[in-house]
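Student: I have some questions about the terms used for this model. Can we take them one by one?

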Amino acid sequence: MHHFEDPLFRTIFNQLPQPRLIIKASSASFTIVCTNHAWQEIAGDHINQLYGKEFRDVSEKAIVDAQLRHLIEGLLREGIQLRENIKFPEILLSHQFDNSYAKWVQLECTPITNDSSQQITYLIFTLHDITEELNNKKKLILSRQNEAELLKEQQLLNEELAATNKELGQTNKALMQSQVSLSQINRELEDRIEERTRKLQFSESRFRSLFEQAPVGMCFLTGEALIIELANQPILEIWGCQADHIIGISYQTVFPHLSDEFSYATLKEVYDRGETYTSNEIITHSATTAGSHKAYVNAIFHPLKDANGKVTGLMIILAEITDWVIARQKAEGIQDQLNLALESAELGTWYLDLETRQMISSGRLKEMFGYDPAGEMSMEQCVARMDESYRSAVLAAIEQAIKDSGRYEIEYPLSPDLEGRQRWIRATGKRFSGRDGKPDHFSGTALDITGGKLEEIRKNDFIAIASHELKTPLTSLKGYLQLMESKALLLEIPFFTKAVSRSLAQIDKMHKMIGSFLDMTRIEARSLPLNFQTFNISELLQEMAEEIKMLAPEFEISINVDQWRTVHADRDKIAQVLSNLLNNAVKYSGHGKKIHIGCSIKLQDTIFSIRDEGIGIKAHEIARLFERYYRIENKHTNMVSGFGIGLYLCAEIVRLHHGRIWVKSKLEEGSTFYFSLPRV
C-alpha cells in the first residue's frame, strides 16, 4: 500500500486548514495523488474527479476558475525548475467559493525530494486564503490613517480641553464651594424634614390618642358620599353600634332613618354650604341590649377643607348631656321649690360676682332696703342703707368670709326711714367656687328680723335696767352681811358665821350673774369696753386654777404651758372666759375628776384649752352651743342652774379679740374647749 493512503497520514493531512494537493512531479505531466478535505471548498462535489488525474486533464467542474488553473500549473513548473519553495503574489478570485465572493488567495508550491537521489518526486500545492489578512491590512492602514487624523483631532481637542480644564478648574472650585454650601443646606433640610416628620408623627399620635380618649363623641366623614372614616367609643355608644359595622360605609347607608337633626340631608347641606352647624339638646334614640336608649346631645357638624378651601369631609362632635339635662331639670324643679320657700319665708337673696363686684339681688331684698323691687340695686346702694355705725363691721365680715371661704352671719340695722322706723336684718352667706368657667361668687340670704330684734332690744333694756336696779340693794345687802359676819366672828357663833359666809357667796354669784347680763347688753349695744394690756399667761392660769380649787377642792387641776409666754388682751375679760369654762367643767364633771388647763403656740395664735372628764356633748348640739340663751336639756343638765349666756359671752369676748372658740367632745368621756388669741 502507498504511504499516501496510510490512515494516520490521511487523518493528519485532512486536518490541515488550507486546501492542499500532493502532485507527482513530472515536467511532462503533473498527476494529482492526494487532496485534503479543505480542497472541497474549491472542487465541491467534484473533488473525486481530481484523484489520479493529470492536472491538465482535471475537469473545469473540479477547478472552475481558469485563471487559477493556469496559475497552479505555472507554479508547479517553476517549483521543479527552481527546486525551492515558491509563493505567487496574491490574486483575487472572482468565482464563488463556498457561498462567498471576491476571495484573495496566495499560491504556494513546496517541492519534496527523494532522500537518496535528491530528485523532486512530489510537489505540495497549497492555496492560502489571505482575504481576511488583506482585509486586516487594509483595515490597519485605514486605522492608522484614521489614527493620524484622530491624533490630529485629539491634539486640537487636547488644546481645547486644556483651556476647558482651566475653566473647569475654576468652575470646580466654585462648585466645591457650592457643594459645601449645598451639603450644609441639605443637612439642614434633612434635619428640618426629620424634625417635622417627628413632630408630624407625634402630632398624629397625639391626635389619635386625643381622638380616642376624648370625652365627647367624634366622627370623621370623607367625600361627597360622607363615608365614615373614624369614630371613637363615645359616639359609638351614643349611636348604639360597633366600629366594624360602620367604618368605610356611607353615613346614609348606616343611618337611613335618623331624625332631621341627624339626617343625611342635613349633613349633605353642611357639606355643600361649607358652614359649621350647631344644635343643642337634641334628643336621640339608640338601640342597646337593654332596649331603646333616650339621650340628649349637643351637636356640631364642622366641614373639613383642604388648602384651597374645598370641602373634603365633615367632622361630627356629639357631647352627651343627658345627665346634665336631667340634673338641670331637677335643679329647675328644686329652684322653683326654693323660690316658693323663699317667698313664703319672705327671704331676700343676693349674688355678688367676686371679679366685677356686680350684685344681683331679689325683689324682696330690694324692698327690705327701701328700693323698687323691679329696679336695680348695686352693692354701694345696699351699703349706703346700712346704719352708719354698723357699715364697717358688715363690710369686714363680708371680706373675711370671702377671704377664708367661711360662713358669713351677722345682724345689723338699716338707717331709719322718713318716719323714723328702723329695720333690722339678719344676713347669712358663703363664698362659692365658680363652675363651667364662671368666677367665684358670694351669695346668701337676708331676713327681716325687726319684730324679734325690737323685742330682744326691749328685753335687753329690761335686763340692763333690772341689773342696775339690783346692783344697789345687793351692794347694801352685801355690806350688812359683811358686818354680820364680823359680829358673828367676834361672838364666835359658828352657825351664824357659816350662814353669813354662804350668803356672801350667793351675793358674789348674783354679782357675777348681773355682770354677765350687763356685759351681754353691752355686747348687743356694741359698747363693751376692752382694756388691752400685755400680761403673763402662766400667772393668769395659775390664779384661775387656785380660784377653782377654792370653790371645788375635790377636783384635781393640772396646768400645762409650753413656754413662759405673754399675750396682749383684756386680762379681766380673758379671766372671765377661763372662769366660765372652768366652772362649766366643774358643773358637768363628777366629783374627784381631773381638769386639765393647757396653753400652746400654733403659728400666729396662742391656743388655750380646758379639758374635763365629764358627761360630754352630743355632736348635733355642738353647733348651737355658743348661741345666746341656748342650754342643753337632758337628765344631767336639769339639776344645773343657768341662763345659757355664759358660753355666748365667752364666744363674743373671744370674737372681740379677733380670736376663735370651738369644742371637741365625746359622750361619757368629756369635752375640751379651745379658744385662740392672736400672739403679741
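Student: Why is Cys34 called buried?
Tutor: Buried means under 20% relative accessible area, with a 1.4 Å probe and protein chains only. Cys34 has 0% relative accessibility, so Cys34 counts as buried. Cys219 also has 0%, so Cys219 is buried too. This is a predicted model: local features need pLDDT of at least 70, side-chain atom pairs count only at pLDDT 80 or more, and totals for chains, interfaces and linings use all residues. Residues are numbered from 1 along each chain as its sequence is written, and side-chain values use heavy atoms, leaving out hydrogens and water.

Student: How do you know that Cys219 is in no disulfide?
Tutor: A disulfide needs two cysteine sulfur atoms within 2.5 Å. For Cys219 the nearest cysteine sulfur belongs to Cys241, 9.1 Å away. That rule gives a count of 0 disulfides.

Student: What makes a set of residues a nonpolar core?
Tutor: Its members are buried Ala, Val, Leu, Ile, Met, Phe, Trp, Tyr and Cys residues, joined through side-chain atoms within 4.5 Å. The largest one here has 40 residues, and Leu578 and Phe675 have the most contacts inside it. Helix α15 gives the largest share, 8 residues. A second, separate core of 29 residues includes Ile63 and Ile72.

Student: Which residues does Leu578 touch, leaving out those up to four places away in sequence?
Tutor: Contact means heavy atoms within 4.5 Å. Leu578 touches Leu540, Leu541, Met544, Phe608, Ile610 and Phe675.

Technical notes: Buried < 20%, exposed > 50% of the residue type's maximum accessible area, 1.4 Å probe, protein only. Helix = DSSP H or I, 4+ residues; strand = E, 2+ residues; numbered from the N terminus.
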